[in-house]
Amino acid sequence: MAREGAARGSPEGTRLALLLLMAPALVWLVGLIVLPHVELAVLSLRTRVAPRVYEFGLDQYRTFVDEPLYWHTFVRTAAISLLATACTLLIAFPTAWYIAKIARGRAKSLLFVLCLIPFWVSEAVRTLGWMILLRESGVLPRLLVDVGVTDAPVEMLYHDATILVGLVYTSLLFMVVPLVGALESLDDSLIEAAYDLGGTGATILRDIVVPHAAPGIVAGCIVVFMLTIGNYLTPTLLGGKNSLWFTEQIYTQFITRFNWEQGAAFGFLLLLLSTAIVWIGLALGGQRFGDVMRRS
Amino acid sequence: MQQDLEVDRVTKRYGAHVAVDALSLDVAHGSFFSILGPSGCGKTTLLRMIAGFLVPDEGDVRIGSKSMRGVPPNRRPVNMVFQHLALFPMMSVGDNVGYGLARRGVATGEIARRVGAMLARVGLPGAQGKRIDQLSGGQKQRVAIARSLVLEPTLLLLDEPLGALDLKLREHMKIELKQLQAAFGTTFVYITHDQSEALVLSDRVAVMSAGRFEQVGTPQELYYRPATPFVAGFVGANNRIAGTATRVDADLVELATPGGLTLRAGAGGTIAVGDPVEAFVRPEALALARSAAELSPAAQRFDGRVQNLLFDGANSAVLVREARTRAEIRIALPQTGRFSDLEVGEAIAFGFEPQRAVCFRASGHGA
């Protein structure tokens, strides 16, 4: 009966086929994402009252609110991530514009590859590269002394700006790719028509280019923001002990303190934060999540 | 008469390729001027130099008697209707039409008033709030023209705007464009590769080939008195007959084809005996008859056999093979219906008056 149903394309048959096709994705989604998060949620909602004795409670979240260091780090991580996303957009937009609209043929593929090349080495190696450049005895401080800008080598690591540079550098490709896609689909004659009707560079950017590229811009910003706020390596290496990055707090709770309950609560707070900011971003950009992901 | 556009010996090169070669042209105020040529002849390059998107290597473009040297497109009193119209999909119809006015800093209320009036004039009253993708092909066309004309340009440039439309709509929009131009009185410069569009729409047409003008004239002049073999072959249907000049007297040339056909045609330019020549005879200049005696005494007469019937309503024609040389000739069927019973393989007489054919010296290689 079932086979006959499938052969005739009956609703049950189609549904079964769809279910089978989606099975790998569902297994992945449920097994690796939903289940661990349910486990984390349960973990974050219990309090240890005695060794191996737990009670349901919101203590972990209360600790977060009561301890200024935690929520300061939380707000700081969000702010720097937003700033890094904005900086990435500002740098990636002209780059993407050049690749999509000005470069032709071989130059175009070459530029794309140039954006990609840094990603052939691991993030750790890339970040260590920055450390070699920026540390007190490194290349850049020495160069500044040689040129005569500074009298003595300056420590360039362990500043907020250093973290920002590292984060922008790591994220650039993920902003350039959706932007190139969005800008390539913009018909050049729209720009010419706007110019012909009296538009200037600035008004054309505002009226034609940005509205057209909006889904690409929003998609790039979401990806970069999520990568940045969840980044662990770059802030830790480039910011050192002062970095105060929220993922470090989570790491500390899980690994150093062995306080999984607190770590799980922090993990959930980070998830809520990035969800909230992405939602606000979509609302401000007037975009729908599905459209953005389809266009990127 | 005041010239709205003067193009003065303008040249544009791309590397070794000369796209536009020392071209000059004048367009009178309020006229409809077309530039007709095959793709790659340089007509788009010329139009883009007038609009200001390209800078000529040599020569000058003057619009309303003012030199446009160094004036960018957004400051020229010229607007352009693009090939694919280039309406802004992110804006409503009203915002599209009002875009140029807003860039000029016109007050919002005044923009709304002028946009409303303009949309009413192009037959789309109240369409301000519509989205671009809600419009039909013909409506988009009208919005694109309204968007340009609302700025009251000295000159409107049109870059094959009908190219993307299907045949039926194209025929309809042709008439609409001509009526719009007459109603607004704006000078139109129109480029196309479609000779029918150029002939129907224009007051004057320039036929362009390989960066130069072959001939500039009214549609009638181009059709009835082509100046070069290119114009004769490109504008309207024509039978092209290549051969060698065997006799020249006054303005008549007698030529013989390699196949042995001899015929006489009016001379276009100076031709000497022995020159390789090309003669052009329009299908409608050829008369058909069931017997040679029915043809006019002034006509030179030939016999042939019907090879193919090409029925196309008012444009119906018949392909005839000349009896002796097997040369293929296209002849228009008269509208009277006299030959509606013609059959393939039927013997038929045909002829034409020499003055209705034109003969040129073949270009260079004597094709």
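Here are a few questions and answers about the predicted model above. Residues count from 1 along each chain as its sequence is written, while chains are lettered from A and ligands numbered from 1 in the order in which they are written. Because this is a predicted model, local features need pLDDT of at least 70 and side-chain atom pairs count only at pLDDT 80 or more, whereas totals for chains, interfaces and linings use all residues.

Me: How many helices and strands does chain A have?
Reply: Helices (H or I, at least four residues) and strands (E, at least two) are DSSP runs, numbered from the N terminus. On that basis, chain A comes to 14 helices and two strands.

Me: Are α10(A) and α13(A) roughly parallel or antiparallel?
Reply: Helix α10 (residues 201-229) and helix α13 (residues 260-285) of chain A pack at about 165°, axes 11 Å apart. Axes are lines fitted to C-alpha atoms, for helices over the stretch in contact, and angles run from 0 to 180 degrees between N-to-C directions. Under 35 degrees counts as roughly parallel, over 145 as roughly antiparallel, 65 to 115 as roughly perpendicular and the rest as oblique. So α10(A) and α13(A) are roughly antiparallel.

Me: What separates the centres of domain 1 and domain 2 of chain A?
Reply: The bounds, from an automatic or database domain assignment, are 1-36 for domain 1 and 68-295 for domain 2. Taken over C-alpha atoms, their centres are separated by 38 Å.
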